[in-house]
Structure formats: structure tokens, C-alpha cells
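Hello,

Here is the structure I promised to pass on. Please open it and read my notes alongside.

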Amino acid sequence: MIKQKQNKGFTSKFGFLMATVGSAVGLGNLWSFPYRVGEGGGAAFVFIYIIMVCLVGVIAMIGEFVIGKRSGVNVIDTFGGISKWSKWLGYLGVIVPFLILCYYQVIGGWSIKYMVDYIGGIGVASGEGNVGSMFGTFTQSVDMPVVYLFVFAFVVAIIVLFGVNKGIEKASKILMPALFVCLIIVVIKSLTLPNASEGLLFLFKPDFSKVKGPTILSALGQVFFSMSLGMGINVAYGSYMKDSMNIGKSSVLIGVMDTVIAMLAGMAIFPAVFSFGLEPTAGPGLLFVVLAEVFASMGAIVGRIFGAIFFMLVILAAITSSIALLEVPVQFIVERFHINRKLASMCVAGIVFGIGAFIAMSFGVKAFQVEGVDLLTLFDSITNKIILPITAASTCLLVGYKVKPKNLMNDLGADKKNKVIIYKIWGFLIRYVTPIGILCVLGIGIYEIFSGEAGFTTIEGKLAIILTAIVLVVFSIIANVIANYLYDKKQKNSLQL
């Protein structure tokens with residue numbers, strides 16, 4: 001019997017909500033959301049994004065929580081409990097967050113560096129030299145990015161090794177409110193700047209003439225990256241839910257809170273960008289280059305204070321997401337191999353740091369690059385453009401056709417009057433609309449790789465992304481076959497869906 005709820009889960013609904021919102025609220029909200037809004041034309045992108053949250057984000061999240069809660073075990077055994085041939089999704093669900101964490105923590109380390117600079121009035125906060133060139137010099141150095149990466153990785157590992165109750169839940173109850181307070185402070189300051197209203201108009205007054213096909217797909221891609229879909233995180237956290245926790249309400253609340261924080265991030269960034277005459281279409285450099293110029297324009301003291309607060313906010317967001325990413329492989333190792341959680345956490349964190357060190361150094365060491373492109377771009381392209389859409393769409397289809405109406409109603413807490421309507425709407429969306437939308441993201445991701453928009457211009461570099469992704473999928477399928485015939489012959493697929 002795969003369903004084996006344990007006393008290791010979240011102790012309160014608030015703790016679960018903070019942890020899951022923390023997994024969703026990360027660099028996707030503070031880094032990629034603002035620059036995608038900028039590139040997508042502002043409020044029109046936001047409008048589409050909110051629609052996609054409802055049609056894709058919340059629907060897919062409900063599906064992942066359902067199978068996680070009903071299994072009560074790690075991601076791999078959860079998918080193995082649905083069908084002996086669906087365990088390959090579980091393997092990908094462990095591999096992907098591991099790979100994302102390897103480069104995600106590099107960016108977390110950059111954020112620590114910026115916060116230290118603003119506190120000490122050095123580097124980018126000194127007001128001397130060009131911010132963009134200083135950022136480039138830092139990322140291309142060999143030693144300091146690795147040092148800051150180690151600090152960030154160590155903090156994340158310490159939180160996870162204390163377990164769900166004393167580590168993840170307790171930290172989330174502190175970090176998420178602190179993140180919200182820091183964000184509100186920066187928003188208030190941003191709104192008091194001259195011409196801040198132009199930034200608000202850009203964010204809230206839609207111009208649908210700017211909407212094109214890529215805008216819609218970009219919004220869709222942002223949704224499932226921001227809400228941690230296809231990463232195994234929601235399945236893992238769902239396995240820690242108590243029976244009394246309502247999946248439907250929790251998923252809606254997470255979607256709302258994630259969107260609210262993303263909008264607050266936009267309110268913190270765009271009024272300041274417009275106030276100082278900078279471009280909202282600056283792309284990925286919006287966070288580390290353009291905003292640093294904004295803080296420098298505020299004056300030595302004020303700029304340092306708000307720069308420190310803002311990058312503390314970025315660090316908090318990166319930590320809450322990294323905790324969730326690390327928990328997925330740690331949970332599997334602890335449950336499958338019965339290894340002490342502290343040892344498992346430190347071992348996985350150590351491997352992640354080792355790979356992350358090469359990624360951090362790849363900006364300045366050509367030997368660590370692939371066809372002249374840094375490893376962060378390679379890892380990001382493999383996971384976000386190919387593997388995540390595959391796992392997310394496959395999970396939706398699997399859950400959509402396996403979950404029975406009665407069981408879904410119990411998990412959603414719907415009453416008899418509304419249960420048929422809710423199931424029919426959710427069932428239609430998760431079987432048809434959501435998977436098709438996610439597969440469109442896969443299509444545009446492959447297009448961006450071969451068109452060179454993903455950063456690789458040579459055919460060797462493009463093939464490196466595609467072939468690596470194929471190898472990971474094939475490896476997961478082979479692992480599924482081996483597990484079926486060598487290790488799990490006696491295991492019954494008893495996850496009651």
C-alpha cells in the first residue's frame with residue numbers, strides 16, 4: 001500500500017501555505033516576471049498572465065497536490081503508485097529540481113554579493129564606475145562568485161537538514177512575512193519617486209495592440225516556472241499535507257499570493273525605472289544592472305539603504321525556492337535508502353555546490369563553456385525549455401485521466417451541489433486546455449533553441465541542449481524499466497486515485 005501518511009508533514013495550514021508560496025515566490029517573481037512584463041508590453045502581458053494562472057497554473061497545481069497528498073511519499077514512489085510505467089516521470093521530477101538548483105543558487109550568490117556591496121558601500125554601491133561592467137567583471141571572476149555561492153548553498157542546506165517541521169515550515173513562517181515586508185518598503189519608496197505614475201500606467205493600463213503570439217507563450221511559460229509546475233515540488237509538498245488541508249483552496253490561495261507578489265515586484269521596479277528614464281525592456285539585466293543604476297541615482301545613503309533592502313528581498317525569495325528544490329531529491333534519498341536526513345541533505349547540497357561552482361566559473365573560464373556559452377544558460381535551456389514542459393504536460397494528462405470524480409471532490413472539499421460542475425470544468429481543463437498550453441511552451445522553447453534566441457548560435461550548441469534533454473528522458477525511462485523488473489516486482493500500484 002503506497003499511501004503511508006507520516007507524522008513528518010506540515011503541522012499547520014499557515015506553515016504549509018507559507019512553504020508552498022515560498023516555493024512559488026522566487027527569482028521567477030522578482031527577476032523573470034518584471035523583465036518579461038517589460039519585453040511583453042506591460043499591462044497586456046499581465047492580463048494574459050493572470051488568465052494563464054487560472055487556466056494552467058492553479059489547474060495543474062491541484063493535480064500535483066492531489067497525487068502528492070494521496071501518496072504521502074516521495075515523487076518517484078508517487079508516480080510509481082499510479083502506474084508501474086509512469087515512474088519515469090518521478091525520476092525526471094527528482095532530476096529537474098536538482099539541475100535547476102545547481103544554477104539557481106549561483107544567482108542567489110550574486111544577490112548576496114549585491115547586498116554586501118550595498119551594506120558596505122562598495123562595488124556596485126560605491127557610485128564609481130559603470131554598473132554593467134562591474135557586474136560583468138564580478139561574474140567573470142573565478143573565486144568570489146563561488147564564495148558567495150557557498151554561503152547561499154550552506155544556508156539552504158542547514159534549513160532543509162532540520163526537516164519539514166523544524167526546518168522548512170519554521171523558516172518559511174519567518175522568511176515569507178519578512179519578504180513581504182521588504183517588498184512593501186521598496187514599493188512605497190518606488191511610488192514616491194518623480195514620474196512614478198508612468199511606471200504604474202505601464203503595468204496596469206493594457207495596450208492589446210502589443211500582444212502577439214510570443215507574448216502569450218511567454219506569459220504561459222512564466223506561469224509554470226513561477227508556480228513550480230513539473231518540478232516535483234508540489235508533489236513532494238503535497239505528500240506532507242494533513243488530511244484536513246483543502247487542496248482546492250490552498251491552490252487558489254497560492255496562485256493569488258504568487259500573482260500579488262509578482263505584481264508588487266512590478267510596482268517596486270517599473271515606477272523606479274521610468275522615474276530615472278531607463279528602459280523597461282532591459283531583459284534579464286533588469287534586476288542586476290538596471291536596478292543597480294536606479295539605486296545609484298537615489299543618492300549615496302538612500303540608494304544604499306534601499307539597495308540593501310531590495311537585494312535582501314531577492315535573497316529571501318531565492319532561499320524559499322531553493323529550499324523546495326533541495327527537498328525533492330533529499331526526500332527521495334531519505335525514504336528510499338533510509339539515510340539520515342542531515343547526511344542526505346549535506347550530501348545532495350555538496351554535489352549541487354560542486355556543479356554550481358563550475359556553472360559560476362563558466363562566465364569567465366572558457367574551458368567550462370559550451371560553444372562559448374556559459375553553463376547557466378545551458379542548464380536553464382535544458383530544464384525550462386524542454387524537460388519542465390514534458391513533465392508538467394505528462395503529469396496533467398496522467399492525473400486528468402486517472403483521478404476519479406469522487407476522490408477529487410474529497411480532496412477539493414466541494415459540496416454535493418457543486419461537485420459535478422467543478423469536476424467537469426477541472427477535468428476538461430487538465431485533460432485538454434492545460435496540456436495543450438504547456439506543449440505550446442515546449443514548442444516555442446525548441447524554436448528559441450534552434451533560432452539562436454536561447455543563446456546558442458552554433459549547431460553544436462543547439463544539439464547539446466536537445467541531446468542532453470533526450471538523454472535525461474531516456475535515462476528516466478530506462479530507470480523505470482530496471483526498477484520494474486529488478487527491484488519493484490512485489491510492489492503494487494495501490495495509489496487510490
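Is Ser126 buried, partly exposed or exposed? Ser126 has a relative accessibility of 30%, so Ser126 counts as partly exposed. Ser126 sits in the loop that runs between α5 (87–120) and α6 (131–139). Along the sequence, Ser126 and Ala296 are 170 residues apart. In space, their C-alpha atoms are 8.2 Å apart.

Before you go further: this is a predicted model. The mean pLDDT of the protein chain is 85. Of its residues, 92% reach 70 or more. Confidence is highest in helix α15 (residues 341–361), at a mean of 95. It is lowest in helix α17 (residues 405–412), at 68. Residues 1–7 have a pLDDT below 50. That stretch still has 24 contacts in the model beyond near neighbours in sequence.

Now the start of the chain. Phe10 lies in the segment before α1. Phe10 has a relative accessible area of 0%, so Phe10 is buried. What is Phe10 in contact with, leaving aside neighbours within four places in sequence? The list includes Gly15, Phe16 and Ala19. Val164, Asn165, Ile168 and Glu169 are also among the contacts. Take Glu169: Phe10 and Glu169 are 159 residues apart along the chain, yet their C-alpha atoms are separated by 6.6 Å.

Next, two helix pairs.

Helix α1 (residues 13–24) and helix α12 (residues 247–275) have axes that come within 10 Å. The axes cross at roughly 50°. That angle makes α1 oblique to α12. The crossing of α1 past α12 is right-handed. On the α1 side, the contact is made by Phe16, Leu17, Met18, Thr20, Val21 and Ala24. On the α12 side, it is made by Ser250, Leu253, Ile254, Met257 and Asp258. By class, this contact of α1 with α12 has 8 nonpolar, 2 polar and 1 charged residues.

Helix α3 (residues 43–71) and helix α4 (residues 75–82) pack at an angle of about 95°. Their axes are 10 Å apart. The angle makes α3 roughly perpendicular to α4. From α3, the contact uses Ile67, Gly68 and Ser71. From α4, it uses Thr78, Phe79 and Ile82. By class, the contact of α3 with α4 has 3 nonpolar, 3 polar and no charged residues.

Best wishes

Terms used
Residues are numbered from 1 along each chain as its sequence is written. This is a predicted model: local features need pLDDT of at least 70, side-chain atom pairs count only at pLDDT 80 or more; totals for chains, interfaces and linings use all residues. Side-chain values use heavy atoms; hydrogens and water are left out. Axes are lines fitted to C-alpha atoms, for helices over the stretch in contact, and angles run from 0 to 180 degrees between N-to-C directions. Helices (H or I, at least four residues) and strands (E, at least two) are DSSP runs, numbered from the N terminus. Angles under 35 degrees count as roughly parallel, over 145 as roughly antiparallel, 65 to 115 as roughly perpendicular and the rest as oblique. A crossing is left-handed if the near helix is turned anticlockwise from the far one by less than a right angle, and right-handed if clockwise. Contact means heavy atoms within 4.5 Å. Ala, Val, Leu, Ile, Met, Phe, Trp, Tyr, Cys and Pro count as nonpolar, Asp, Glu, Lys and Arg as charged, and the others, Gly among them, as polar. pLDDT is the predictor's confidence in each residue, from 0 to 100. Buried means under 20% relative accessible area, exposed over 50%, partly exposed in between (1.4 Å probe, protein chains only).
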